[in-house]
Every structure is written in C-alpha cells, then in structure tokens.
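Trainee: Could you walk me through this model and show me how to read its features?
Mentor: Gladly; let us look at it together.

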Amino acid sequence: MLILTPTSFSVASATASGATLDWARSGNGQQLAEHGTCAASLLPADDDVVLVLPPHAVSWHRATLPRVANARLRAVLDGVLEEHLLSDSGELHFALEPGGRSGQTVWIAACHKAWLKGWLQVLEDTGRPVSRIVPSIWPHLASSRSVASPTVHWAHHQAGRPWLASASALGVVCTPLQPGSAGVAALVMPIPGDTETPDGATQWLAEPAAAAEAEQLLGQRFELVALPAWLLRCAQSEWNLAQFDLSLSSTARRGQRLRQTLRQWRSAPAWRSARWGLAALLVVQLIGLNAAAWQERRVLAAKQQALGQTLQRSFPQVKLVLDAPLQMQRELTRLQRASGTLAHGDLEAMLGVLGRATDAPAAALSSIDFSSAEGRFTMTPGSEDALPTLQQTLQRSGWQAQVKDTELTLRPATP
C-alpha cells in the first residue's frame, strides 16, 4: 500500500512541474515500511495507491438527504448544499460518509474538483493510479456516537505554516497557529453542544515540527505523531471519497474491498485471536489426518501380516511371502492337481460352468483351445448372438470372460 498526500493545497500545484508529495508505504496496512517526499514520477510503484487530502482541501457539511434513486443523488446534492457553499457547486466534488445513502442525515465532504482531478491525472500519467481517496481528518460519524468518540486536535504544517485541525461530532475546523488568534484560544474551551465527548477524552496530536508552537500557544501538551504514521492512520479508515463521477468500477471496488479485508485480517491486531484460532484448527486437523492415516496403515499392515502367517501355516514350504492371496491360490491349485481333484482353472471346470450357463454348449462350440488355466472357445456360426448374455452370466459367476468376434476367452477370477 502506497499512501501519499500533496505538500501544497493550491490549485496550480497539481499541474506544476515541481509539485511534490509526502508518501508512506506499508506492506500489510498496519506497520510502516518506508516514507519520504518526492515528485510524483519518483514515487515507488505499488498496486494499491491511497491519496490523502489535506485538511484545507475538504469542507464538511451535515445535511438530510431526500429519498431519491442513486443515479439522481449527485444532482440532488447541488440543491441540498446550495446555501452551505461559497463556491459554485459545479466546481466541487462531493462524497458521502461511509454507508451514507438517500433518506439519511449524513456528513458530506466537498473539495475543489479541478484540483483533485489534477492530482489524479498526474498520478495516472506516472503509472500510479489512485485506488482510494481519503480525508486526513474527518468528523465523528453518527454510527459511532453510541461509543464516546474523543475530539481530535492535530497540529501540523501546511505549505510551511503551522495549523491546527480539530474534528468532533460538530465537524472539522482548521485554525492557523499564530499568536493572538482568537480561534486558537477558543479551542482550549469546551465545544458548545458537544455533549457526547466526555471530559478528558480529547486527543492532542502534533507533527514534531509543529508541536513546539502548538504547545506554546495553547499551553497544552501534545502527543507526537509523525506525518507517515498519520497517513497510515488515514488509510486505515473506512472513508473513500472516490464517489459519483470519480468512483471506480464495481469490479474494481469489489477487488479493493477484498484486498482491504484480507490485509486487515492478515495484520490487524483485532483479528489476532481469529488468526491464532485458525492456525490452531489447521494444526489439529493436520495432526488428526496424520494420526488417522497412521492408524489405517497399522490396520492394513496387521491384516497383511495375518494373511502371510495363514499362508505359511497352511503351506510351510512357502518361505517368502510376496502376494499371500495369489500364492495361496497357486498352492491350492498345485494340491488339487496332485490329488486328482479338479482345480478352478481346469478345462473340466470351465466346461462345467459353460454347461450351467447355456442350454446346449456342445452344439454351440466349434473349437476349444486350452492352456495354463485359460480356455478359448469358438462358437459355431449363428450362435454368436448369445455371447454377450453368456459373458454376463459367467462374470456374475466369478469368471473373467472376454468376447471377441465369435471367440470366448475364459479365465478364473484373480484372487
């Protein structure tokens, strides 16, 4: 993930040849890997590029949206925000809060469309197309008000000047950090009407370069947060200002959400227990499968050993057991032949089974060829139609029967 933000808010900066961006890179979306400041053409390549808009680039408006179709929502915003805007609505890009839709009271972000499109085009031309647009600071959402959300003050440098951006349930305010500023003095007082922020829950954060000035002017201790860490925090939010005419295709949005979900599941601390649980489940399954396979091998080896012992007890002359059932069948056949008893593979046994399988085998056979427990029987002309039925009958009786033209090949079934 490559997270970047323009160093200048001016409209001309997006197309200026010397325009630069602050950037940070993270492999898992949770920890920083590297960061820096450079021109767009020198940025490291990445498949997931997140553009963070500076606080001055976005204005925030809270409004209730009428119930209209999504296709008409952008046109409706012009009328809803007409009295809230100082610029022509046609020059602005609008975006709703995460999950916001028609019929709800939502926060609406507005920014200069030409400036934003200029930066998007610059990054597109340098082979780093933006997949998501997020604000650097945002008001508290209605969905989070059931849990007390702290007011956030962020002291930072913008275009070489120190500023203080403050976000609460009432919106976002940007105030220059300079002596004698009434706006800065008012920030240390409770926010009127902000009954959802408990005492002591306010967060005072600052970039290292702006911390000293902010602490001196406000008499408040600030926690240091470097800009790369702040950019990573912004990228972890649910916001995406790439909406309406700047929105990605549905396929790209699904891919983006999938990558974000997988990244959070792989690295986010909140999913650590689930990751450990899944790993433990996989280990238990692997151990269980190996144990079951080992048990099956033991049972099979015990059966094979029992067969071998039965063979050697019945036929002590057999010293080496390779295939116990086949060796036992051979020894039985040898005993039967030695005693004059018909073996299963003798010609008499084959003729007997043929006699039981057909009514008049002698009339149907024209020649017999027998050797090594295999008999070939040629049928007389006109009786070959009965061969398929005869083959099925013999196979059901436990014989290997094959038919080719008018010839029937018969063998004892292999044990």
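Trainee: Is Arg 25 buried, partly exposed or exposed, and what is the relative accessibility behind that label?
Mentor: Keep in mind that this is a predicted model. Partly exposed is the class between the buried cut-off, under 20%, and the exposed one, over 50%. Arg 25 has 24% relative accessibility, so Arg 25 counts as partly exposed.

Trainee: Which residue forms a salt bridge with Arg 25?
Mentor: A salt bridge is read from a side-chain nitrogen of Lys or Arg within 4 Å of a carboxyl oxygen of Asp or Glu. Here the partner is Glu 34, with the closest N and O atoms 3.3 Å apart. Glu 34 is itself partly exposed, because its relative accessible area is 35%.

Trainee: How many salt bridges are found in the whole structure?
Mentor: The search gives seven. One of them pairs Arg 376 with Glu 374, and the closest N and O atoms are 2.7 Å apart. Look at the two partners separately: Arg 376 is partly exposed at 30% relative accessibility, whereas Glu 374 is buried, with a relative accessible area of 14%.

Trainee: What about Lys 117 and Asp 245: how far apart are the closest N and O atoms of that salt bridge?
Mentor: They are 3.7 Å apart. Now check where the partners sit: Lys 117 belongs to helix α2 (residues 113-125), while Asp 245 lies in the loop between α5 and α6 (250-267), so this pair ties together parts that are 128 residues apart in sequence.

Trainee: Since we are at α2, what span should its 13 residues have?
Mentor: Counting 1.5 Å a residue, α2 should span 18 Å, and its end C-alpha atoms are 18 Å apart, which agrees. Then look at which side chains are covered: the buried residues in α2 are Lys 113, Trp 115, Leu 116, Gly 118, Trp 119, Leu 120 and Leu 123. Just after this helix, Gly 127 has a positive phi of about 80°.

Trainee: And how does the same check come out for helix α7?
Mentor: Helix α7 covers residues 272-314, and its 43 residues should span 63 Å at 1.5 Å a residue; the end C-alpha atoms are 63 Å apart, so expectation and model agree. Buried in α7 are Arg 275, Gly 308 and Leu 311.

Trainee: Which residues make the nonpolar surface patch, and what is its area?
Mentor: Trp 265, Trp 271, Leu 278, Leu 281 and Leu 282 form a patch of about 480 Å². Helix α7 supplies the largest share of it, three residues. Take Leu 281, which is in α7: with 46% relative accessibility, Leu 281 counts as partly exposed.

Trainee: Could we try a strand residue, and where is Val 403 found?
Mentor: Val 403 is in strand β16 (residues 399-404). Its relative accessible area is 32%, so Val 403 is partly exposed. Not counting residues up to four places away in sequence, Val 403 touches Leu 387, Gln 391 and Leu 408.

Trainee: Finally, how many helices and strands does the protein chain have?
Mentor: It has eleven helices and 17 strands. Of its 415 residues, 40% count as buried. Among contacts with a separation of 6 or more, 57% join residues 24 or more positions apart. The chain exposes about 23,000 Å², with carbon and sulfur atoms supplying 55% of that area.

How values were computed
Residues numbered from 1 in each chain as written. Predicted model: local features only at pLDDT ≥ 70, side-chain atom pairs only at ≥ 80, totals over all residues. Heavy atoms only, no water. Helix = DSSP H or I, 4+ residues; strand = E, 2+ residues; numbered from the N terminus. Expected span 1.5 Å × (residues − 1). Buried < 20%, exposed > 50% of the residue type's maximum accessible area, 1.4 Å probe, protein only. Patch = residues over 30% accessible without salt bridge, like charges linked within 9 Å, V, L, I, M, F, W, Y side chains within 5 Å. Areas by Shrake-Rupley, 256 points an atom, 1.4 Å probe, with all protein chains shown as cover. Contact = heavy atoms within 4.5 Å.
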